[in-house]
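Dear colleague,

I am passing on the structure we spoke about, with the sequence alongside. Please have it open while you read the notes that follow.

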Amino acid sequence: MLTGKKVVVGISGGIAAYKAVEIVSRLKKAGAEVRVVMTRAATQFVTPLTFREISGNPVVCDMWQEPKEWNVEHIALANWADVFLIAPATANIIGKIASGIADEFLSTTVMATKAMVMLAPAMNSNMYINPIVTDNLLRLSKIGYQIIPPDSGMLACGVEGPGRLPEPETIVNTLVRILTRGSDLAGKKVLVTAAGTREPLDPVRYIGNRSSGKMGYALASAAANRGADVVMVSGPSNLPPPPGVVVKKVETAAEMRQAVLDEFGNADLVIKAAAVADYRPSIVSKQKIKKTDGKITLVLEKNPDILAELGERKVKQILVGFAAETEDLLTHATEKLNRKNLDMIVANDVTLPGAGFDSDTNIVRVLYQDGRIEELPQMSKDSLAGQLLDRITALMTNSN
Ligand code: CTP
């Protein structure tokens, strides 16, 4: 899977450094050529000799050490790499990279590389949720760094919570998926819905919602970049159409339903990121409604639930929904996952700062039909689109 790929594994100083031994071993077994860079603190946990034996290459721990078999200059290694994987990534190395500090070999090499950089944070939970660390990770994700979220569980320091380095198998699988993203949806037909619908009251007014379309547009764009034939049915949005995506613009939920049903039969995957109005005015006035002295009452009637209808009709399609909630996130999202017969639902609490409507970032939990729940950290909607598609392609592979 990784034959011919050149991977630099950066190891910073945390207890999870011991798991990097298996990561390097798995990368080698998958066919990658691996060079290891360790921070000085990392060498306190595992010896460089261990990594030299497993990687089959000299290990760099020091900016100033004598070069051995090959040119160890940081620029040479930065150019050599197809991908950097820093696992474990401590709060310290994350902070340094995010702040542009290059004071030892690993941070200097990362700064000099144009290769993709993946970070697998691992640390005490309180450190991980410290706003300094979350801000640093967010800043890095916004400029294209790939963050592999940590697991939650009992940590070496005796605390329970997020911060545990995922299993080496998960990390290597994630790396493989990200490196092969370029074509992993080739030949697949993907239908995405985006933005909010507008339900007219009269020729000048409508009932709408605050959805900007950013999440759906990011997903459509990311799917097209991975080789899929993408049709996006979009409610009104100011965003430019993503290159390579066929965009069908609609206004109302009824129009969205029709456009979605027209495409559904061809689709392998449907991602419903649109915020569909659940109700529409019973009467749409032909003329502008004039104000009067008294109150007015709007009578609304129910719109069809498009996603629930797709859930009933689904044959081969993978169905992914979104759930925007303001309370009881997991209860509501689980209920929607089951009721709408979905394979996966992406749930977000839209009351959190940095999540939901019109934000450039999102904070979500991913719920699967088999009961798994994954919590993803705050990240840009573009990064999230990539992470969600990684998970969806894994579902599609397993369902074949
Ligand atoms: N959805 C849909 N058609 C609707 C309403 C929602 O296709 N009429 C889809 C959305 O695109 C989203 C998912 O269903 O993928 C959940 O939408 P959401 O508004 O969170 O849920 P609802 O089912 O409308 O429930 P509620 O508004 O009561 O939370």
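**The ligand and its surroundings**

The ligand is surrounded by 15 residues, of which the closest are Lys272, Ala274, Asp278, Lys336 and Lys340. Please keep in mind that this is a predicted model, and that the distances below are computed from it.

Sorted by class, the shell around the ligand holds 8 nonpolar residues, 1 polar residue and 6 charged ones. Three elements, α11 (306–313), β17 (318–325) and α12 (329–339), each contribute at least two residues to this shell, and the largest share, 4 residues, is that of β17.

As for individual atom pairs, a nitrogen atom of the ligand lies 3.0 Å from a polar backbone atom of proline 304, and a nitrogen atom of the ligand is likewise 3.0 Å from a polar backbone atom of isoleucine 306. On the side-chain part, an N or O atom of lysine 340 is 2.6 Å from an oxygen atom of the ligand. The ligand taken alone would expose 570 Å², and 79% of that is buried by the protein.

Isoleucine 296 counts as exposed because its relative accessibility is 58%, where the cut-off for exposed is over 50%.

With best regards

Notes
Residues numbered from 1 in each chain as written. Predicted model: local features only at pLDDT ≥ 70, side-chain atom pairs only at ≥ 80, totals over all residues. Heavy atoms only, no water. Near = heavy atom within 4 Å. Polar contact = N/O pair within 3.5 Å; in protein donor to acceptor, adjacent residues only side chain to side chain. Areas by Shrake-Rupley, 256 points an atom, 1.4 Å probe, with all protein chains shown as cover. Nonpolar A, V, L, I, M, F, W, Y, C, P; charged D, E, K, R; others polar. Buried < 20%, exposed > 50% of the residue type's maximum accessible area, 1.4 Å probe, protein only.
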